[in-house]
Amino acid sequence: MPWWQKVKRMLTKRIIPCLDVKDNRVVKGVKFVNLRDAGDPVELGARYSDTGADELVFLDITATIRFRKTIVELVEKVAENVFIPFTVGGGIQTVGQMDEILRSGADKVSVNTAAVENPDILTEAAERFGSQCVVLAIDARRSKAPHLLRPSYRPTPDSDTELSGLSNRCGAGHWQVCVKAGTEPTDIDVVEWAVKGEKSGAGEILLTSMDADGTKAGYDNELNKAVSDAVNIPVIASGGAGKLEHLYDAIVDGGADAVLMASITHFGNYTIRQMKEYLAGRGIAVNL
């Protein structure tokens with residue numbers, strides 16, 4: 001095992017509730033559709049901050065689709081009530097917008113579609129804010145057959161020579177990157193894109209399995225393991241948490257550095273304390 005993987009396994013694992021926001025309300029669906037209301041983002045954020053969550057992630061899930069910026073005013077309100085690290089994503093297209101979000105109170109900014117369209121945004125952001133503020137969000141879908149991408153998302157040599165080699169590998173047994181809140185698949189291989197993202201300046205990867213999202217059937221730990229083994233930076237596993245053992249499995253089997261969840265916290269299945277005590281009882285280092 002490489003030395004950096006040994007170090008990653010020794011670090012304290014994080015519990016991170018996710019606030020998916022649509023029209024200023026927290027929502028949760030299954031595989032990115034069939035959304036149901038889960039509450040007020042300010043109230044939920046404050047509750048998680050007060051009850052032991054290690055971090056929060058706030059994603060404006062319709063911002064990219066509608067080509068509008070993340071709602072800065074809402075971010076400011078949430079940040080005023082949260083006293084733990086806070087990541088914001090959704091609709092962020094430029095380094096200038098990232099700066100606006102960070103100035104509004106966020107500790108980190110996540111980008112997905114913008115990074116696929118322009119990988120240089122990761123480098124520029126890392127140089128300006130530090131890689132610790134830059135999260136590469138990857139929405140991954142298991143690929144059953146080769147997928148041909150519409151030209152606007154096909155990497156070209158004049159835009160980035162390394163990225164141009166990431167396409168046309170998404171056949172059976174691989175995962176393809178999806179953009180625009182999961183509505184548009186690409187032909188970019190997830191593992192290769194994660195490696196490229198790290199090289200470009202991302203300090204962390206938020207990895208969401210679209211196949212497992214909202215199912216409560218467990219994380220896609222084959223996906224998590226493939227990515228966590230390929231990169232040196234922390235990987236946050238997202239999509240599929242339904243039981244306490246799923247959190248443990250994502251960390252041990254998937255190699256995740258942190259676990260993201262929504263359904264099992266928003267709707268009262270488990271408290272943050274219950275999650276941490278369960279993991280600690282099974283030998284996982286957590287902040288209690």
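## A buried lysine and what surrounds it

The side chain of Lys-108 reaches the side chain of Glu-204 in a polar contact of 2.9 Å. Keep in mind that this is a predicted model. Lys-108 sits in strand S6, which covers residues 108-111. Is this lysine buried or exposed? With a relative accessibility of 11%, Lys-108 falls below the 20% cut-off, so it counts as buried. Besides Glu-204, the residues that Lys-108 touches beyond four places in sequence include Arg-14, Glu-55, Phe-86, Thr-87 and Val-88. Leu-102, Gln-132, Cys-133 and Val-135 are also among them.

**The chain as a whole**

Let's step back for a moment. The protein chain has 12 helices and 12 strands. Of its 288 residues, 58% count as buried. If you take the contacts with a separation of 6 or more, 69% of them are between residues 24 or more positions apart. As for confidence, the chain averages a pLDDT of 84, and 79% of the residues score at least 70. One stretch to read with that in mind is residues 147-162, where pLDDT stays under 50. The model has 31 contacts beyond four places in sequence for that stretch.

**An aromatic pair**

Phe-86, one of the residues touched by Lys-108, turns up again here. How many aromatic pairs does a search of the whole structure find? The search gives 1. The ring centres of Phe-58 and Phe-86 are 6.1 Å apart and the planes are at 25 degrees, so this pair is stacked. The pair links distant parts of the chain, with Phe-58 in strand S4 (residues 56-60) and Phe-86 in strand S5 (residues 86-89), 28 residues apart. Phe-58 is buried at 1% relative accessibility, and Phe-86 is buried too, at 2%.

Here is how the residues with a stated accessibility line up:

| Residue | Relative accessible area | Class |
|---|---|---|
| Phe-58 | 1% | buried |
| Phe-86 | 2% | buried |
| Gly-239 | 6% | buried |
| Lys-108 | 11% | buried |
| Leu-288 | 59% | exposed |

Strand S8 (residues 174-179) is mostly covered, with 5 of its 6 residues buried. On one side of the story is strand S7 (residues 134-143), which pairs with S8 in the antiparallel sense over 5 bridges. There, Arg-142 stands opposite Trp-175 in S8. S8 also runs antiparallel to strand S9 (residues 184-189), and 3 bridges join these two. Pro-185 in S9 is the bridge partner of Cys-178. S8 and S9 form a hairpin with 4 residues between them, and in the turn Lys-180 has a positive phi of about 55 degrees.

Next up is helix H8 (residues 190-200). Asp-189 caps its N-terminal end, with a side-chain oxygen 3.2 Å from the backbone nitrogen of Val-191. H8 is mostly covered, as 8 of its 11 residues are buried. The buried set includes Val-190, Val-191, Trp-193 and Ala-194, and it also takes in Lys-196 and Glu-198. Gly-201 follows H8 and has a positive phi near 130 degrees.

Gly-239 is in the loop between S11 and H10. Why does Gly-239 count as buried? Its relative accessible area is 6%, so it is under the 20% cut-off. Beyond four places in sequence, Gly-239 touches Ser-209, Ala-212, Asp-213, Gly-218, Tyr-219, Asp-220 and Leu-260. Gly-239 and Ser-263 are 24 residues apart in sequence, with a C-alpha to C-alpha distance of 9.6 Å.

In helix H10 (residues 244-252), the buried residues are Leu-244, His-246, Leu-247, Tyr-248, Ala-250 and Ile-251. What do they pack against? The partners are strands S1 (14-22), S11 (235-238) and S12 (258-261), plus helices H9 (221-230) and H12 (272-281).

**The end of the chain**

Leu-288 belongs to the segment after H12. With a relative accessible area of 59%, Leu-288 is exposed. Leaving aside neighbours within four places, Leu-288 is in contact with Arg-273, Lys-276, Glu-277 and Ala-280. Leu-288 and Ala-53 are 235 residues apart in sequence, yet 9.6 Å apart in space, C-alpha to C-alpha.

Definitions and conventions. Residues numbered from 1 in each chain as written. Predicted model: local features only at pLDDT ≥ 70, side-chain atom pairs only at ≥ 80, totals over all residues. Heavy atoms only, no water. pLDDT = per-residue confidence, 0-100. Contact = heavy atoms within 4.5 Å. Buried < 20%, exposed > 50% of the residue type's maximum accessible area, 1.4 Å probe, protein only. Pairing = 2+ DSSP bridges. Polar contact = N/O pair within 3.5 Å; in protein donor to acceptor, adjacent residues only side chain to side chain. Phe/Tyr/Trp six-rings, centres within 6.5 Å; stacked < 30°, edge-to-face > 60°.
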